[in-house]
Amino acid sequence: MQQCDFAVIGGGLVGSAIAYGLASQGHQVSIVDEGDVSYRASRGNFGLVWVQGKGQEIPLYSQWSMRSASLWSALSQELAELTGVTTQHHNPGGVHLCYSQAELTSREADLKALARATNQQFQFNMLDHDQLRELIPEIGESVTGASWSSWDGHANPLYLLRALQAGVGFHGGSLLPVGRVKRIRRNGESYIIEGGQETILAGRVILAAGLGNRELAPQVGLDAPLVPNRGEILVTERMRPLLNLPTTYLRQTGEGSMLMGDSHEDVGFNDGTETPILAQIAQRAVRALPALATTRVVRSWGALRVMTPDGYPLYQASESHPGVFVACCHSGVTLAAAHAKCLAPWFAGAEAPAEISPFTAERFHVQTPVPA
Ligand SMILES: Cc1cc2nc3c(=O)[nH]c(=O)nc-3n(C[C@H](O)[C@H](O)[C@H](O)COP(=O)(O)OP(=O)(O)OC[C@H]3O[C@@H](n4cnc5c(N)ncnc54)[C@H](O)[C@@H]3O)c2cc1C
């Protein structure tokens, strides 16, 4: 039987960032992963490190995202020095494009409210069409303007995943592709994790299995009422530099391909693609950058977001099973640095980061009073 101080169940971006944080603090960590048959948001996402617009209902989420965004460059550099893998992280600011004056006005009102709610920590500028054209010279005529924030950036999520896992290995941790974990049971003060091919004995356990947390959490006194939400993405052939900062729906990768997204579809566990949705995504992208009209799409895919009922993250310690925690979110690229640098220390015994206090499952259990 393999033994470790910490078993992190799930080798996606959330589990790998947490495992990296723990391993780099000197803890003995194993990532326990189901392998290629599982749903994996971390291998199908858009790669934004994004703050603007997030946390309208819970401003601490905006602050948590800003904490992560501000730690991202240092994490990226640390991983590059340690592992030789560069994440292609850039933080040139990002824009959300608007296609009418009404959209622009409503966006400005939302972001002003967010700035107020974060005591002006979140900052942004509104750009009209001409100002936007200075940033993106080939912007389409039908784009009315945009919101811009210096907090935003992007990275290659596959390189990030590889770097985090290589970093875990560098610090003596391991990635164990043991098949699907079906059962977690107590063994004195430790836990026995029953994987498909192997059993692991761990002092502490972090559930970071994405949508797989739904089945694992109730075994250890936790609740993870997650639902899949599909996003489809198209990728073009490599192009000349056209877009030197990311937008919410369109970004140019380090290699020159253009990524176009993002749909939000409630289709259960179907991670395929649908031509009408892909066509809508492509049409919107061509309106933003007309040069895309003559560019070939070389690949498209669907992937499932890991969504809580309100879209905010879930971080919680089990009361019935000391040393067991759950962590999941739908912005695992953005939050990777906070997960590695701020969340992992909490699992190892430090104070919980103040920003995560609203994000337990208790918020899903609030009873609506029945009128008398
Ligand atoms: C289309 C799309 C676009 C996105 N764009 C962005 C973006 O621009 N920026 C951003 O920040 N985020 C984005 N996201 C969200 C981001 O990808 C996710 O938040 C993140 O990948 C979630 O990582 P995870 O590790 O929790 O889950 P996953 O990547 O799903 O990984 C879960 C892991 O757990 C393993 N597992 C599951 N069940 C078990 C089990 N029982 N036993 C063992 N192992 C198990 C799986 O093998 C898998 O490796 C996007 C997501 C999608 C789908």
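**Figure 1. Strands β12 and β15 in the predicted model.** Glu 232 stands opposite Gly 302 in β15, in a model that is predicted throughout. This pair of residues belongs to the pairing of β12 with β15, in which the two strands run antiparallel and are joined by 10 bridges.

**Figure 2. The shell around the ligand.** The ligand is surrounded by 43 residues, of which the closest are Gly 12, Gly 210, Gly 212, Gly 231 and Gly 332. Two or more residues of the shell come from each of the elements α1 (13-24), β12 (227-236) and β15 (297-307), and it is β15 that gives the most, with four residues. By residue class, the shell around the ligand divides into 20 nonpolar, 17 polar and six charged residues. At least three residues of the shell are drawn from domain 1 (2-49 + 158-225 + 310-363), and at least three from domain 2 (94-152 + 227-307).

**Figure 3. The packing of helices α1 and α8.** Helix α8, which spans residues 336-347, packs with α1 at an angle of about 60 degrees, and the axes of the two helices are 7 Å apart. Since angles from 65 to 115 degrees are the ones that count as roughly perpendicular and those under 35 as roughly parallel, α1 and α8 are therefore oblique to each other. Their crossing, that of α1 and α8, is right-handed.

Figure 4. Strand β1 (residues 2-9) runs parallel to strand β11 (residues 199-207), and seven bridges join the two. Within this pairing, Cys 4 stands opposite Ala 202 in β11, and Ala 202 is also the bridge partner in β11 of Tyr 191. The pairing of β11 with strand β10 (residues 190-194) is antiparallel and extends over four bridges, and a hairpin of four residues joins β10 to β11. With strand β17 (residues 324-328), β11 pairs in the parallel sense over three bridges, and here Leu 207 stands opposite Val 326 in β17.

**Figure 5. The open sheet of strands β4, β6 and β5.** In this view three strands form an open sheet in the order β4-β6-β5, with antiparallel pairing. The edge strands are β4 (94-98) and β5 (125-128), each of which pairs on one side only. Neighbouring strands of this sheet are turned against each other by 25 degrees on average, direction ignored. Between β4 and strand β6 (residues 145-149), the antiparallel pairing extends over five bridges, and Leu 97 stands opposite Ala 146 in β6.

How values were computed: Residues numbered from 1 in each chain as written. Predicted model: local features only at pLDDT ≥ 70, side-chain atom pairs only at ≥ 80, totals over all residues. Pairing = 2+ DSSP bridges. Axes fitted to C-alpha atoms, helices over the stretch in contact; angles between N-to-C directions. Near = placed C-beta within 6 Å. Nonpolar A, V, L, I, M, F, W, Y, C, P; charged D, E, K, R; others polar. Domains from an automatic or database assignment. Parallel < 35°, antiparallel > 145°, perpendicular 65-115°, else oblique. Left-handed = near helix turned anticlockwise from the far one by under 90°.
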